[in-house]
Amino acid sequence: MQLARRPESCAIVIFGATGDLTRRKLIPALYSLAYRNLLPHHFAILGVAHTAQTSATFVATMKKAVKQHARDPFRQDVWDLLSEGMRYVETEFGNEDGNDRVAEALEEVDAEHGTAGNRLYYLAVPPKTFTDSVTEIGERRHREGWVRLIVEKPFGHDLASACALNDLLHHWFREDEIFRIDHYLGKETVQNMLALRFANGIFEPVWNRQFIDHVQITVAEAMGIEGRAGFYEPAGAIRDVFQNHLLQLLALTAMEPPIDFTADAVRTEKVKVLKSMHTPGPKSVVRGQYGAGFVEGLEVPSYREEDGVSPDSLTETYIAAKLYVDNWRWADTPFYVRAGKRLGRRETTIAIQFKQAPHPPFEAIAGDDLRPNVLLIQVQPDEGVSLAIGAKVPGAGMTIRTVHMDFLYGGSFRTQLPEAYERLILDCLLGDAALFTSEDEVEEQWKLVDSIVGGWARDRTNFPNYASGSPGPKAADDLIRRDARSWRRH
């Protein structure tokens, strides 16, 4: 019988504990882990933020958050187990007195809850406070027990800032103690890409340029910036989604088989993919910004009309690109990627389109009803895998039509999928960094982004150039149509 590993006793310290991420994702994820008895036997949660409140108020607020956002039903016994070691410390980051209070609270936690000096620090804070938080943790790290640090994106603003942040982290921590989180890598369907390729003998032999015509990766969102103009204006779609989510999905799709599924083996193969990518030319990248329109029947404003956005902003809310991985497996096979806000619907997919059969004898009678085989990995919202194949229509004559062989997680496993943060927090507690981004990956991703952004400095695209609720700018359709291909429609 295979038994799940139980994490070692530790204290979980959340910097930015009053923020939206903690309320909507982190505490509900910890509750779900407690619900399944996956947390350490001895643990405590210490919330740290600048909001003035008591530990009792913090616990009551998190209880409401669990009832509202956790995927599991609320059980008082589970909550009692989780909240027993939960407390709150008010401090401004970098404040000496506040830092002393955090250190004292952790010593009390060790004594009362047996957390053995082990620390998991989660930086759910704005990037501008990273330096103070990391320095404080590094200077006061406990002499006994292990220390692990989860860093949320954005990890830098460009290559130079990412390298500077890595230097700061490595001044205080080893690389195996640093966990750069990208929640997309915690999604079950993204992880299923590895199982799909490497656990099935029918896919890997055809997973190359000889059989695959092209790959499309889409990260589409129906929502706008949701009041996050302060973050989004300097970031845009290229830093918010392309630099991390899109390139990580591409690396997982294109990587070579790792020797095993340890962190070093998986991350090494992803880095090879990122190093093999060359900078796309100006004609191979399209950017866009949404205008006013209708999404799901509701009228929505343009990006420039959002609160906090400059009326002449040139920040992109959409990006599409044709990328190449220059190695033996993928040479001359295009990867079309796109990401955008205020599109027709929310969808994240990876579509592997295979080449047409070289001589279909029924081509004349099949017509447009017979399309190329496509393996579609649906990451969200309806997690699953679909394979499009040609089949004969019942009846007289040879009439061919495309049909789909579908696998849906909900139907096959009869269970809710775990939230990405559940898996990632548990992996960090276990010290498994396979689903976290390495230093080399981050820097290779920023090299590509910097080269694209540098080309935009000379490009004065007229914004807005696509209506909210539409599939995106016309130039994105032209990008793929020049190769006699077309985007999958949402």
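Q: Which residues of strand β8 point the other way from Val 285 and Arg 287?
A: In this predicted model, strand β8 covers residues 285–288, and all of them are buried. In a regular strand, side chains alternate between the two faces of the sheet. Here Val 285 and Arg 287 point one way, and pointing the other way are Val 286 and Gly 288.

Q: Which residue of β11 stands opposite Val 285?
A: Strand β11 spans residues 318–324 and pairs with β8 in the antiparallel sense, over four bridges. Within β11, the residue standing opposite Val 285 is Ala 321.

Q: Which strands stand at the edges of the open sheet, each with a single partner strand?
A: This sheet has three strands in the order β10-β9-β17, with mixed pairing. Each edge strand has a single partner, so one of its sides is left without a neighbour in the sheet. The edge strands are β10 (298–300) and β17 (466–468).

Q: What is the bridge partner of Val 295 in β10?
A: Strand β9 (residues 290–295) runs antiparallel to β10, and three bridges join the two. In β10, the bridge partner of Val 295 is Leu 298.

Q: Why is the pair of Tyr 31 and Tyr 35 tilted, rather than stacked or edge-to-face?
A: The structure holds twelve aromatic pairs. A pair of aromatic rings is described by the distance of the centres and the angle of the planes. The centres of Tyr 31 and Tyr 35 are 6.0 Å apart. Planes under 30 degrees apart count as stacked and over 60 as edge-to-face, so this pair is tilted, with its planes at 50°.

Q: Which is buried and which is partly exposed, Tyr 31 or Tyr 35?
A: The two are four residues apart in helix α1 (residues 20–35), separated by about one helical turn. Tyr 31 has a relative accessible area of 0%, so Tyr 31 is buried. At 25%, the partly exposed residue is Tyr 35.

Q: How many residues apart are Phe 179 and Phe 436?
A: These rings form an edge-to-face pair, 5.0 Å centre to centre with 90° between the planes. Phe 179 lies in strand β6 (residues 178–180), while Phe 436 is in the loop between α12 (420–430) and α13 (439–456). The pair links distant parts of the chain, and the separation is 257 residues.

Q: Over the face of which residue does Arg 75 lie?
A: Ring pairs link Tyr 31, Tyr 35, Phe 74 and Trp 79 into a cluster. At 5.1 Å from the ring centre, Arg 75 lies over the face of Tyr 35.

Q: Is Thr 437 buried or exposed?
A: Thr 437 lies in the loop between α12 and α13. Its contacts include Arg 180, Asp 182 and Arg 267. The relative accessibility of Thr 437 is 6%, so Thr 437 counts as buried.

Definitions and conventions: Residues are numbered from 1 along each chain as its sequence is written. This is a predicted model: local features need pLDDT of at least 70, side-chain atom pairs count only at pLDDT 80 or more; totals for chains, interfaces and linings use all residues. Side-chain values use heavy atoms; hydrogens and water are left out. Buried means under 20% relative accessible area, exposed over 50%, partly exposed in between (1.4 Å probe, protein chains only). Two strands pair if DSSP finds at least two bridges between them. Rings of Phe, Tyr and Trp (its six-membered ring) pair if their centres lie within 6.5 Å; planes under 30 degrees apart count as stacked, over 60 as edge-to-face and the rest as tilted. A charge sits over a ring if NZ of Lys or CZ of Arg is within 6 Å of the ring centre and within 35 degrees of the ring normal. Contact means heavy atoms within 4.5 Å. Lists of a residue's contacts leave out its neighbours within four places in sequence.
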